[in-house]
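Biologist: Thanks for sitting down with me. Could we walk through this structure together, one question at a time?
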Protein chains: 2
Amino acid sequence: MIAAAEQLSFTPNSLARALLAGRTGTVGLLTSDLEGRFVIPILMGAEDAFGAGQVDVFLCDARGDTIREQHHLRALLSRRVDGLIVVGRQTDPRRSLAHDIPVPVVYAYAPSDDPSDFSITPDNVRAGQMAIEHLIACGRRRIAHITGEHAYAAARERADGVQSALRAAGLELVGNVMYSEWSERWGRDATALVLAQHPDIDAVLCGSDQIARGALDTARDLGRAVPDDLAVMGFDNWEVLTTNARPELTSIDANLQQLGRIAAERVFAALDGADLGSGTQYLPGRLVIRASTVARR
Amino acid sequence: MIAAAEQLSFTPNSLARALLAGRTGTVGLLTSDLEGRFVIPILMGAEDAFGAGQVDVFLCDARGDTIREQHHLRALLSRRVDGLIVVGRQTDPRRSLAHDIPVPVVYAYAPSDDPSDFSITPDNVRAGQMAIEHLIACGRRRIAHITGEHAYAAARERADGVQSALRAAGLELVGNVMYSEWSERWGRDATALVLAQHPDIDAVLCGSDQIARGALDTARDLGRAVPDDLAVMGFDNWEVLTTNARPELTSIDANLQQLGRIAAERVFAALDGADLGSGTQYLPGRLVIRASTVARR
DNA sequence: CTGTTAGCGCCTTCAC
DNA sequence: GTGAAGGCGCTAACAG
């Protein structure tokens, strides 16, 4: 009867329950950069995995500032989150948060520099290989590689994968890896440059979809038909760029949503006593073939 | 001395404090669509405003599903959030969550259809007017308007603003408002169409930056010089599209981050007893002039 | 099987 | 001034 009376608009107080149970059913997601487009899919994947269970997530954006990060960390711990996911803005290793955190911590995207932490990050070397293997499968032999800032591990690692896959096929990159910035503009300029120096190339592999969009523009300006005359591909599979390109752009998807989901599942399992493990797990990407490398027929 | 001993690694338990205080210092952010690019800046603005104070935010993505939304709502209330921000994916009014929510609720981006709720949303009519006023100030007189889906209030309202500003200047739109989809592809196709029918136009106002990018491509293909021969502008000021365009794209920024900040501030003030108010507040946008409407010199 | 009670960690009050 | 006690809402353990 009491129950019936309260049924109308009664909500149990999770706080009290948490206080008693020693478990809040909450997880902290500490990001260093909401602006960037890599964090969001990861966040979605994590939200997804947790949403099914009964856990809610505290989102904190440290804006790349260590002080703010420490502040948020303290706040999250004082709120007794059951676990923590730390999402970086780049795939370069980042400093470990601290050693004495009383809850499981998973580093996503940006791995921790402490090998005793557990991290999960995209396999960029493999991604570079996959791209080259696809281009070779398309019959391309004279391939140039235009990419972003050398300061980014993602750029260097993809380039490593590119070189190793070429070597494995008995081929060589045309010219050097061209590093500069992650922009369409650089894609346009670099493509003009490489086409002037090496007019006989049959493929341009770009380090990001943005760069690839620039490459497509220049190819069009110079009358090079894509993909018949010149194949173009990118990385990241940023749909707004890839599916609206002329022709639509082949790309390597880093499976970030899955990465977020795995991170969440690992934290979740650790809550139930599973061992979190340590070291860095590399998540393979996925080739998404579109018309910029394979002609429609 | 006890304090000293604990200073090493002691974190006060916010739960216990909250239980006693009747205040958790948490706010729920209920979104219907993390994927979309409008939610993120709002979220950042809110996180920003709250981060300064001591409040943390629970992020819940309902994925546009009402059931899931109700589920999350219950969860958030059971966690005794002090307030709620509901962020929709479109600017079309959405159904009110419920009438009996015991904490302040602010609707952001998608206003509530219940006038007793408080909502804040971009002023799209005014944005349309601002765009036209800018084009007229640039000396344009024969303006076409290509936009997205008619089903979106944002498209219709901007078009209303466009028409009213033209009328106020004694001008008329060239052709009808062209509604279709929010894509580069449509921007390309529609621009080709309108240039064929009305070769004498001197400006194309596009309903989004994506559409505007398509318009720029077609203008280039057809040899129309931008901005001398044809001005092009968009809406949203999506930097990745605007600053990489050839030429860089003039756009109307909806100030979404500010919108998120205001929403957070309103919730925050309501926590301290301030009246939340009701009705819909329309936040004006901001003109960002770039080279697609004003020639560099 | 239903009803009572103790205590989770903190803060505020009141007594000393 | 320092110190003890009560209670926030819940659940687990125990008593009836």
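This is a predicted model: local features need pLDDT of at least 70, side-chain atom pairs count only at pLDDT 80 or more; totals for chains, interfaces and linings use all residues.

Biologist: How many helices and strands does chain A have?
Modeller: Along its principal axes, the C-alpha trace of chain A spans about 80 × 45 × 30 Å. Among its contacts between residues at least 6 apart in sequence, 73% join residues at least 24 apart. As for secondary structure, chain A comes to 10 helices and 12 strands.

Biologist: Now to the two chains: which element gives the largest share of the side of chain A that touches chain B?
Modeller: In this interface, 34 residues of chain A are in contact with 34 residues of chain B. The elements of chain A that give two or more residues to that side are H2, H3 (39–52), S2 (56–61), H4 (66–78) and H7 (184–197). By class, the side has 15 nonpolar, nine polar and 10 charged residues. The largest share, six residues, comes from S2(A).

Biologist: Which residue in S2(B) is the bridge partner of Phe58(A)?
Modeller: S2(A) and S2(B), the latter covering residues 56–61 of chain B, are joined by three bridges and run antiparallel. Within S2(B), Phe58(A) has as its bridge partner Phe58(B).

Biologist: Let's turn to the DNA. Which element supplies the largest share of the surface near DNA strand D?
Modeller: The residues around DNA strand D are Pro12(A), Asn13(A), Ala16(A), Arg17(A), Leu19(A), Leu20(A), Leu19(B) and Leu20(B). Two elements give two or more residues each to this surface, H2 (14–21) of chain A and H2 (14–21) of chain B. By class, there are six nonpolar, one polar and one charged residues. The largest share, four residues, comes from H2(A).

Biologist: And which element gives the largest share of the surface near DNA strand C?
Modeller: Around DNA strand C we find Leu19(A), Leu20(A), Pro12(B), Asn13(B), Ala16(B), Arg17(B), Leu19(B) and Leu20(B). These divide into six nonpolar, one polar and one charged. H2 of chain A and H2 of chain B each supply at least two residues. The largest share here, four residues, is from H2(B).

Biologist: How far apart in space are Leu256(B) and Leu34(B), C-alpha to C-alpha?
Modeller: In sequence, Leu256(B) and Leu34(B) are 222 residues apart. In space, their C-alpha to C-alpha distance is 14 Å.

Biologist: One more, please: which residues touch the most other members of the largest nonpolar core?
Modeller: As background, nonpolar side chains tend to be buried together in soluble globular proteins. Here, Ala108(B) is in contact with Ile42(B), Ile85(B), Val86(B), Val87(B), Ile120(B), Leu259(B), Gly260(B) and Ala263(B), leaving aside neighbours within four places in sequence. The largest nonpolar core has 88 residues, and those touching the most other members are Leu29(A), Ile85(A), Ala108(A), Leu29(B), Ile85(B) and Ala108(B).

Methods:
Residues are numbered from 1 along each chain as its sequence is written. Chains are lettered from A and ligands numbered from 1 in the order in which they are written. A residue is near a molecule or strand if its C-beta atom, placed from the backbone, lies within 6 Å of it. Ala, Val, Leu, Ile, Met, Phe, Trp, Tyr, Cys and Pro count as nonpolar, Asp, Glu, Lys and Arg as charged, and the others, Gly among them, as polar. Two residues are in contact if their C-beta atoms, placed from the backbone, lie within 7 Å. Two strands pair if DSSP finds at least two bridges between them. A nonpolar core is a set of buried Ala, Val, Leu, Ile, Met, Phe, Trp, Tyr and Cys residues joined through C-beta atoms within 7 Å. A residue is buried if 20 or more other C-beta atoms lie within 10 Å of its own, exposed if 12 or fewer, and partly exposed in between; C-beta atoms are placed from the backbone.
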